[in-house]
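Okay, thanks everyone for coming. Let me put the structure up, and then I'll walk you through a few spots in it.

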Amino acid sequence: MASSLPCTPTSSLSPATLFKAHPRFPLRHRFRCNVVEPLKFDNGKPFFPFLTTDPALPTFLSSNSHLERSINKNDTRLRIFSGTANPALAQLQDSVRGCDVYLVQPTCPPANENLMELLIMVDACRRASAKNITAVIPYFGYARADRKTQGRESIAAKLVANLITEAGANRVLACDLHSGQSMGYFDIPVDHVYGQPVILDYLASKTICSDDLVVVSPDVGGVARARAFAKKLSDAPLAIVDKRRHGHNVAEVMNLIGDVKGKVAVMVDDMIDTAGTIAKGAALLHQEGAREVYACSTHAVFSPPAIERLSSGLFQEVIITNTIPVYEHNYFPQLTVLSVANLLGETIWRVHDDCSGGFEPYSTLGID
């Protein structure tokens, strides 16, 4: 079976050792990304510290016995495969007949090649008699093409959703879709998780006084996202960057709604592409008296000239996740990369066990 997939097998890993094999994420902590110190860089490469025991864990999670029984009961029914787009988030396994199969493949650049590889993997697993096939898409690359903005324009998000469904996927697991309506484009169940808990846990580990914080939306369209982020960040105040263009070939006029003077501004967005919007917003925040500016985003697309803009000194720190792999030549001193492996791993286990993510302590994951 492994030879029929468009990827090279790395190892055969049973679900019983899926999380044990990664010492950075002990089994008892796999439902959170709770770091005890900021993630640092060593010679330009991200460094992930070991997690330590959290004394505040509920008693039923402080022991592995319940989880081990659940894993042992289902360890022959769960298989995880990875495409070549982001192999760090999964490991390849070989037997799929009668199993629940999870295919981890973001549709990041090169988007067309990665999408085609995902479709071939789904088709291969369907023809190999997999019981259920879940496409785990940490970054859905076509989500911004979710509506027609002018005549004779394709709604690519709906087209890609149809392709994944017709290829044979039974379910989709996505992280931080650009807009909520993208879930409706799929005729199969969609589990939508958010990268906010990972970033919030990291910010909580920093010594920033809550009274000094202000959460900033870089545009009007991201107000709902920023408001939800601010509520979970000690109910911090909210500011909005309002940009307007009064005509063609006329420079944008940027206004700030809210007070940031003397505060630590945390800009929140779902993705950073060319970094034009967030960089202009950061410059405005400094003009309005912000003491420090942090940029937080789940998806780091980093199309040129994003690196130049982000490393120009406007940001104290740029915090992203690894839903899209960051190449070494795109590292810069202010960049911090957080892993969503725990988040996706816990969601996969709960989907496999037919459990909801809506009750404590898993509601903190932000699983719909």
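**The open sheet, then some helices**

So, let's start with the sheet: five strands make an open one, ordered β3-β4-β5-β6-β7, and the pairing is parallel. At the edges you have β3 (78–82) and β7 (190–193), each with a single partner strand, so each has one side left without a neighbour in the sheet. On average, neighbouring strands here are turned by 20° against each other, direction ignored. Before I go on, some housekeeping: this is a predicted model, where local features need pLDDT of at least 70 and side-chain atom pairs count only at pLDDT 80 or more, while totals for chains, interfaces and linings use all residues. Numbering runs from 1 along each chain as its sequence is written, and side-chain values use heavy atoms, with hydrogens and water left out.

Pairing of two strands takes at least two DSSP bridges between them. L78 sits opposite D100 in β4.

Now the helices. How do α3 and α4 pack? Helix α3 (residues 111–127) and helix α4 (residues 156–167) pack at about 25°, with axes 8 Å apart. That makes α3 roughly parallel to α4, a label for angles under 35 degrees, with over 145 being roughly antiparallel, 65 to 115 roughly perpendicular and the rest oblique. Axes are lines fitted to C-alpha atoms, for helices over the stretch in contact, and angles run from 0 to 180 degrees between N-to-C directions. From α3, L115, L118, L119, V122, D123 and R126 meet V160, L163, I164 and A167 of α4, contact being heavy atoms within 4.5 Å.

Next up, S217, in strand β8 (residues 213–217). Buried or exposed? S217 is buried, at 0% relative accessible area; buried is under 20%, exposed over 50%, partly exposed in between, with a 1.4 Å probe and protein chains only. Setting aside neighbours within four places in sequence, S217 touches G222, V223, A226, A239, I240, V241 and V268.

Last one: helix α9 (residues 341–352), with 12 residues. α9 is mostly covered, with 11 of its 12 residues buried, including W349 and R350.

Technical notes: Helix = DSSP H or I, 4+ residues; strand = E, 2+ residues; numbered from the N terminus. Expected span 1.5 Å × (residues − 1).
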